[in-house]
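Please have the model open as you read.

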Amino acid sequence: MRRALPVPDPAIPDHRSAWRYLWWLTRAQARTVLRGIGWGVLWMLSMALAPAVIGRAIDEGVAAGDTGALVRWSAVLLGLAIVQAVSTARRHRLAVFTWLGAAYRTVQVVTRQATRLGATLPRRIGAGEVVSVGVSDVSHIGDALDIVIRGTSAVVAIVAVTALMLAASPPLGLVVLAGVPLVLVAAAPLLRPYHRHNRRLRELVGDLNTRATDIVAGLRVLRGIGGEALFAERYRAESQRVRRAGVQVARSESMLAGAEALLPGLLIVAVIWLGARLAVSGTITPGELVTCYGYAVFLIHPMATLGEAADKLTKGHVAAGRVVGFLALEPELPDRGTTVPPSPAALADPASGLVVRPGLLTAVAAADPVDARAIADRLGRYADGEVTYGGVPLRDVADLRERIIVAVNEDVLLSGRLADTLTGGVPGRDLAGAVHAAAAEDIVDAVGLDAYVVEAGREFSGGQQQRLRLARAVAADPEVLVLVEPTSAVDAHTEARIAGRLGRARAGRTTVVCTTSPLVLDRADHVVFVEGGRVVAEGSHRELLDTEPRYAATVTRGQDRDRIPDGA
């Protein structure tokens with residue numbers, strides 16, 4: 001029967017704890033796991049029974065001189081070999097499918113959670129952390145479910161061998177029965193530091209990945225200001241911390257691996273030594289001695305598998321812990337509105353005293369850019385506040401994310417066809433008008449609307465990315481568009497063109513621009529000056545320059561106001 005991955009619906013994960021998440025993954029593909037365990041048990045038992053068959057062949061065939069018995073037991077041994085070959089292939093196939101199923105489900109639920117978090121995601125978790133989940137954590141989680149199949153088979157095999165040895169020789173069976181728990185107990189203290197070092201390494205790797213993604217995203221800026229050496233040194237220092245943590249993990253892992261080899265080896269030596277003494281004393285036959293030796297050698301495999309299970313389950317638990325931490329995040333302010341306010345409508349922020357008049361382009365100039373960003377977050381309900389839209393609290397506004405869009409410079413350009421990136425794949429949007437408003441015609445003419453945009457639009461310069469983001473925001477045509485420093489990365493000539501076109505493109509719609517650019521401020525219908533988080537003056541750009549010295553100082557940055565060019 002063919003199976004398709006990923007599944008259409010991964011279902012709702014149990015993220016109350018790491019173990020519960022791993023158990024949820026196991027239950028989600030219980031049939032495959034159980035079939036894998038069944039074939040795994042058959043695989044292990046076919047190997048476990050081989051020494052008993054060889055011993056019987058020696059006693060009943062070779063020692064007794066019975067050729068027929070030798071042929072019969074040889075045929076049984078051949079049958080076990082065939083069973084082992086078939087069961088090995090089936091077990092491995094199901095184990096691989098289990099690994100892939102766990103990895104794909106984890107990627108699906110993490111991707112779904114990232115989509116659910118939306119704008120909350122970059123505020124709560126670094127990009128490197130998400131990368132680590134999708135690269136290393138899914139692999140460790142898949143390994144944890146894979147080892148469940150072989151680990152269960154190993155336990156069954158150890159129990160079966162112990163029972164067979166008790167039946168053949170009670171002393172030998174008792175040695176194994178007592179020795180296996182002792183080996184596990186002796187190795188247990190090594191698991192705690194191994195688990196702790198793995199968790200620390202995972203945290204540092206996530207931080208390093210975040211640092212790497214930030215450096216790549218800002219490489220153009222770093223080159224422009226000569227900051228490459230500084231950030232390279234910081235990255236080198238963090239990578240050395242990761243290396244040292246990796247060495248600690250390797251040290252713990254080597255001690256655990258050494259214990260996995262030494263402790264079962266001591267048990268096997270004890271079994272062989274006792275078996276040899278019993279054979280010399282005549283308590284067991286030569287064939288039983290060979291069987292005893294075969295069992296002792298065979299036990300190396302399941303005991304090593306149990307050690308491997310401890311390793312992979314430890315790493316899987318750490319990885320699952322990071323995943324459940326991510327899945328436990330909640331959107332800062334989910335949209336649960338049910339009320340439809342009138343359109344156009346005023347937008348009011350009591351915390352700052354800002355009232356955005358409907359249908360106008362309002363510029364918010366703040367002495368501290370942090371205040372402007374805080375206002376933008378409240379207007380879009382990305383931060384808590386008592387903002388109202390048409391007299392209705394934002395928390396009660398239906399379809400808020402479609403009605404009010406906040407565009408910031410941290411927004412990324414999604415990969416895909418340029419036209420789809422700018423329109424979101426929504427037909428009917430005025431793409432040409434939006435491109436014109438953002439003064440991005442040269443970009444579109446150079447690459448074409450069918451050009452493929454790579455991840456985050458990194459083939460474009462910072463100014464080009466900013467204009468494309470502005471074009472995307474304008475093309476969405478929301479009732480209220482809030483822009484935060486939309487022209488900070490473009491030259492003065494381009495900024496003047498954007499300032500002159502934006503108001504016309506948004507005619508009849510409400511637009512808020514958080515900026516201190518004189519070019520943009522001069523073209524705004526209404527300008528609001530914010531200081532200390534509160535509106536302290538408002539009017540036109542020219543009026544505020546004449547009447548409010550604090551405003552003039554903020555927007556001119558100490559320049560002669562007469563040298564500020566008029567908007568184009």
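Contact here means heavy atoms within 4.5 Å. This is a predicted model, in which local features need pLDDT of at least 70, side-chain atom pairs count only at pLDDT 80 or more, and totals for chains, interfaces and linings use all residues. Residues are numbered from 1 along each chain as its sequence is written, and side-chain values use heavy atoms, with hydrogens and water left out.

**Cores**

Start with leucine 521. Leaving aside neighbours within four places in sequence, leucine 521 is in contact with Ala363, Ala365, Thr515, Thr516, Val527, His541, Tyr551 and Val555. Leu521 also belongs to the largest nonpolar core, which has 42 residues. A nonpolar core is a set of buried Ala, Val, Leu, Ile, Met, Phe, Trp, Tyr and Cys residues joined through side-chain atoms within 4.5 Å. Buried means under 20% relative accessible area, exposed over 50%, and partly exposed in between (1.4 Å probe, protein chains only). Leu468, Val474, Leu483, Leu521, Val527 and Tyr551 touch the most other members. Helix 18 (residues 462-476) gives the most to this core, with six residues. A second, separate core holds 28 residues, including Met44, Met47, Val161 and Met303.

**Helix pairs**

Helices (H or I, at least four residues) and strands (E, at least two) are DSSP runs, numbered from the N terminus. Axes are lines fitted to C-alpha atoms, for helices over the stretch in contact, and angles run from 0 to 180 degrees between N-to-C directions.

Helix 18 and helix 19 (residues 492-505) cross at roughly 5 degrees, and their axes come within 12 Å. That makes the pair roughly parallel (angles under 35 degrees). Arg467, Leu470 and Val474 in helix 18 meet Thr494, Ile498, Leu502 and Ala505 in helix 19.

Helix 3 (residues 50-62) and helix 4 (residues 67-117) pack at about 170 degrees, with axes 8 Å apart. That makes helix 3 roughly antiparallel to helix 4 (angles over 145 degrees). Among the residues that meet are Val53 and Ile54 in helix 3, and Trp73 and Leu77 in helix 4.

Most residues other than glycine have a negative phi.

Methods:
Parallel < 35°, antiparallel > 145°, perpendicular 65-115°, else oblique.
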